[in-house]
Structures are given as C-alpha cells and as structure tokens.
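Good morning, everyone, and thank you for coming.

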Amino acid sequence: MLAENPDPVRILADLIAIDSVNPGLVAGGAGENAIAQFCGRWLDARGFEVHRLEKRPGRPSLVAIARGTGGGRRLMLNGHLDTVSLAGYDGDPLDPQIRDGKIFGRGAYDMKGGIAAIMAAAARVTAAGPLRGDVLLTLVADEEYGSFGTEEVLESFTADAAVITEPSNLEVTLAHKGFAWFDVEIIGRAAHGSRPDLGVDAIAKAGHFLVALEELGLRLAQGPAHPMLGTGTVHASVIQGGEEPSTYPARCRITIERRTVPDENADQVRNELTGVLDRLVSTVPNFSYRLSAGLYREPFEADPQAAIVRALTRNAETVLGRPPAVRAEPFWTDAALLHRAGIPCLLFGVDGEGAHAATEWADISSLHHLTDILAGTITGFCS
Ligand SMILES: [Zn+2]
C-alpha cells in the first residue's frame with residue numbers, strides 16, 4: 001500500500017487528460033472505461049477494495065471501499081466520471097494547463113476536481129489505518145445524461161450519509177429542483193386543404209394549449225414559493241406537427257417540461273396539466289388530446305440538521321475560517337437519487353467556472369480546501 005499524501009492537483013491533471021465524454025450526449029463519446037480503469041488502479045494501489053459495476057458495456061461505475069474496523073458510520077463520497085462534449089472547447093480540452101492559480105481543461109470544474117479531491121482525501125485519511133466506519137467512493141457513469149451510474153450503485157450499495165462533490169464554489173448546497181417531462185398530443189382530423197368542412201387543424205388547436213400553458217406558468221410564478229428555490233416553472237420544449245402545405249394536420253405533438261420544487265410531485269403535475277387540457281376540451285370546439293408522462297426526477301432538499309450537513313459545515317468553517325454560505329441550485333443532480341434511497345446527503349465542491357462552456361477551470365486553492373474539508377469530514381463521521 002502506498003502511504004503518501006496524494007496531491008489533488010496532480011490527480012486532477014491526470015483525470016483531465018483522460019477523455020470521458022458521455023456517449024449518451026455525444027454520439028461516439030469515449031465513455032467512462034479509461035477513466036474508471038485509471039481510478040480503479042490508483043485506488044487499488046492504496047488498499048481500497050474496488051468494485052467495477054458495468055451493466056452497460058463501456059459505461060462502468062466504480063465503488064472503492066476502505067473497510068472500517070466495525071461499529072462506525074458509513075460515508076459515501078460520490079462524483080461523476082463523465083463530462084460533456086469536447087467540441088467547441090477553446091484550445092485542447094484534454095491538455096491540463098495551470099496558470100494564475102487555476103487549472104484548465106474539460107471537466108476541471110464539472111467535476112473531475114471533485115473526483116480528485118475525493119480520491120486524495122480518502123487516501124490520505126485511510127493511509128494511517130482503518131477508521132471504524134466504511135468509506136465508500138462511488139465514482140459514477142452518466143450523470144450528465146440519464147444518471148444510470150448512481151442508480152446502478154444504489155442497487156448494491158448504501159451508506160449512512162453521502163457528500164456529492166459537484167462544483168459549488170465551496171458553498172453548502174442543500175436543495176435543488178426536480179423536473180417532469182410530458183408529451184401532449186393534440187388530435188385533429190386530416191383532410192385536403194380545400195375541405196375545411198372535413199378537416200380539424202391540430203396545429204391551430206395546439207395554439208390554444210400553448211396560450212393556456214403560458215398562463216399556467218404565470219399562475220405558478222405567483223403561487224407559494226420555496227424559501228431557497230422559488231416556485232416551479234413550466235415551458236414548451238419541442239413541437240412537431242403537419243405533413244405538407246395542402247393538408248389539414250391530424251396531429252401536433254408538444255413536449256413540455258415542468259421544473260418542480262420540494263413538495264411538488266409527478267401526480268400533482270399530471271393533475272395540473274389534465275386540468276388545463278380538460279378546460280380546453282370544454283371551451284374550444286373539436287379540442288381533443290392525449291397526455292403521456294416522460295422522465296420524472298424528484299426535487300432534493302436536505303435536512304439542515306442532518307449529521308453529515310453539520311459535520312461538513314463544521315469542517316468547512318475550520319478550513320475556510322468562516323461559515324460557508326448555504327445555497328440551492330435550479331438544476332437537477334444525483335443527490336435526489338441518494339436522498340430517495342434514504343441516504344442523507346448534500347452537495348459541496350470546488351470553486352471555478354465553465355461547466356459545459358468553451359473554457360473550464362477549477363481554482364487550485366479551492367481544490368486543496370475541498371480536500372482538507374473532505375478529509376476532516378471523513379475522519380469525524382467515520383471514527
Ligand atoms: Zn456535474
């Protein structure tokens with residue numbers, strides 16, 4: 001077993017150089033195979049028990065465990081190995097560059113920085129010998145697309161708490177929104193363009209729905225707000241309909257997205273949409289529809305008094321010399337999956353910029369701070 005004190009910057013540079021573009025997002029993307037191999041070897045050499053989960057070939061997730069001596073709490077440290085596209089990156093996205101206290105490259109911020117800090121912190125803490133509780137590193141595939149990596153991990157592993165090191169500028173993230181997708185098919189009747197007596201224009205009927213959808217959005221904006229996340233929102237995202245200029249369109253399909261806040265759920269959202277559509281059935285002549293549900297992901301809200309939230313906050317305060325800010329995010333993350341699996345968790349990660357953008361970097365001092373904060377949290381929680 002190697003008993004050094006690993007440098008997270010060195011690990012991050014190695015991780016940036018490995019292409020791990022999510023092939024769900026970008027056809028032909030490299031996937032997580034090479035990066036999982038690198039992390040697995042690195043952790044194996046430091047005494048971790050490494051499990052490779054790979055239900056989908058080429059899309060592995062890793063679970064690396066430092067077993068405890070028994071009787072302590074189990075802590076999970078979660079991060080995603082995949083990145084968004086390399087295309088459109090300003091310069092070589094796989095060539096880690098260090099300047100002005102920053103490290104540049106695709107994934108530096110979202111979230112190979114978080115992975116590097118997890119690996120360095122866990123290796124540092126456990127090099128001195130096991131704690132009482134298990135430390136589980138879950139380095140997962142596919143967070144940027146369908147999140148099947150964390151889902152696959154949760155089928156076989158659990159813990160008493162988790163920290164997800166998504167970038168958060170060293171602020172404690174305790175909540176985020178969820179989302180629900182729906183397809184609304186407006187049904188008309190096809191007919192030759194010269195026969196309005198026979199045709200029902202599905203596109204024109206869809207116009208009524210779009211206006212009603214915008215009104216629903218305005219009502220939501222005026223409704224009760226979550227203290228950190230505000231209100232839920234709704235928008236149309238895809239529309240398809242019609243065949244050719246001289247035919248009444250028989251169908252118009254609209255995909256909509258409803259972003260949800262804690263205390264809203266998929267059934268409620270379906271009822272809300274059914275209410276809007278049924279009102280159109282009774283007020284607009286020949287209005288007919290079919291509603292089908294697509295992907296649903298729950299919102300996330302941590303208990304601010306949870307042991308892991310208090311432990312991480314305390315360590316952040318010690319390392320940073322001030323209490324960390326508390327925040328919420330509009331976008332969805334794997335935290336919702338852990339929370340639903342009964343694992344209290346929060347998000348806390350590096351400072352930087354450029355998630356999904358043309359230049360991406362992580363602040364090097366924040367990477368060291370994150371590593372120190374995680375090391376203190378692991379020691380405190382699992383001892
Ligand atoms: Zn991310």
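Let me begin with a term: donors are N, O and S atoms within 2.8 Å of the metal (3.2 Å for Na, K and Ca), and because water is not among the atoms, sites may look incomplete. This is a predicted model, in which local features need pLDDT of at least 70 and side-chain atom pairs count only at pLDDT 80 or more, while totals for chains, interfaces and linings use all residues. Residues are numbered from 1 along each chain as its sequence is written, and side-chain values use heavy atoms, with hydrogens and water left out.

With that in mind, the zinc ion has as its protein donors H80 (NE2), D110 (OD), E166 (OE) and E166 (OE), which lie 1.9 to 2.8 Å from it. Along the chain, these donors follow the spacing H-x29-D-x55-E. D110 lies in helix α3 (residues 108-127) and E166 in the loop between β7 (161-164) and β8 (172-176), so this pair ties together parts that are 56 residues apart in sequence. Helices here are DSSP runs of H or I with at least four residues, and strands are runs of E with at least two, numbered from the N terminus.

Now to the helices. The axes of α5 (residues 202-222) and α6 (residues 266-283) come within 10 Å and cross at roughly 135°, where axes are lines fitted to C-alpha atoms, for helices over the stretch in contact, and angles run from 0 to 180 degrees between N-to-C directions. Contact, meaning heavy atoms within 4.5 Å, involves residues including F209 and L213 of α5 and L273 and V276 of α6.
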